[in-house]
Amino acid sequence: MARFILFILLLLLFYGILYYLIKDMAVRGKKWPKGTEAEELVQDPYCQTYIPKRTAVKKRVNGKTYHFCSKECLGKFREKRKADRA
Ligand SMILES: [Zn+2]
């Protein structure tokens, strides 16, 4: 009997986790429209924040594309690069 109760508890736990995963996916789906680019996260090289590629500020430097959370970070990153070179 104890085994049966344990089994039911595990089942409930499994459904609980599944429910939260589905709920989380539904919330994300609402926030960002469907599309591979919308789901993809990129890191801001200046402030290390992860942002959706779709909303990121893109800048190509020496053939490499950088993604920034804001124009402020892009500006600061460029300033930092200049300072590093000097
Ligand atoms: Zn940033």
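Helices and strands are here DSSP runs, numbered from the N terminus, and in this predicted model the loop between strands β1 (41-43) and β2 (50-52) holds Q48. The phi of Q48 is near 65 degrees, which is a positive value in a residue other than glycine. Most residues other than glycine have a negative phi. Q48 is exposed, because 9 other C-beta atoms lie within 10 Å and a residue with 12 or fewer is counted as exposed.

A second residue that is not a glycine, N62, has a positive phi of about 50 degrees, and N62 is placed in the loop between β3 (57-61) and β4. With 6 other C-beta atoms within 10 Å, N62 is likewise exposed.

In soluble globular proteins, nonpolar side chains tend to be buried together.

As to confidence, the average pLDDT of the chain is 87, and 87% of the residues score at least 70. Confidence is highest in β4, at 95, whereas helix α2 (residues 36-39) has the lowest value in the chain, a mean of 54. Where pLDDT is low, the predicted coordinates should not be read in detail.

Notes: Residues numbered from 1 in each chain as written. Predicted model: local features only at pLDDT ≥ 70, side-chain atom pairs only at ≥ 80, totals over all residues. Helix = DSSP H or I, 4+ residues; strand = E, 2+ residues; numbered from the N terminus. Buried ≥ 20, exposed ≤ 12 C-beta atoms within 10 Å, placed from the backbone. pLDDT = per-residue confidence, 0-100.
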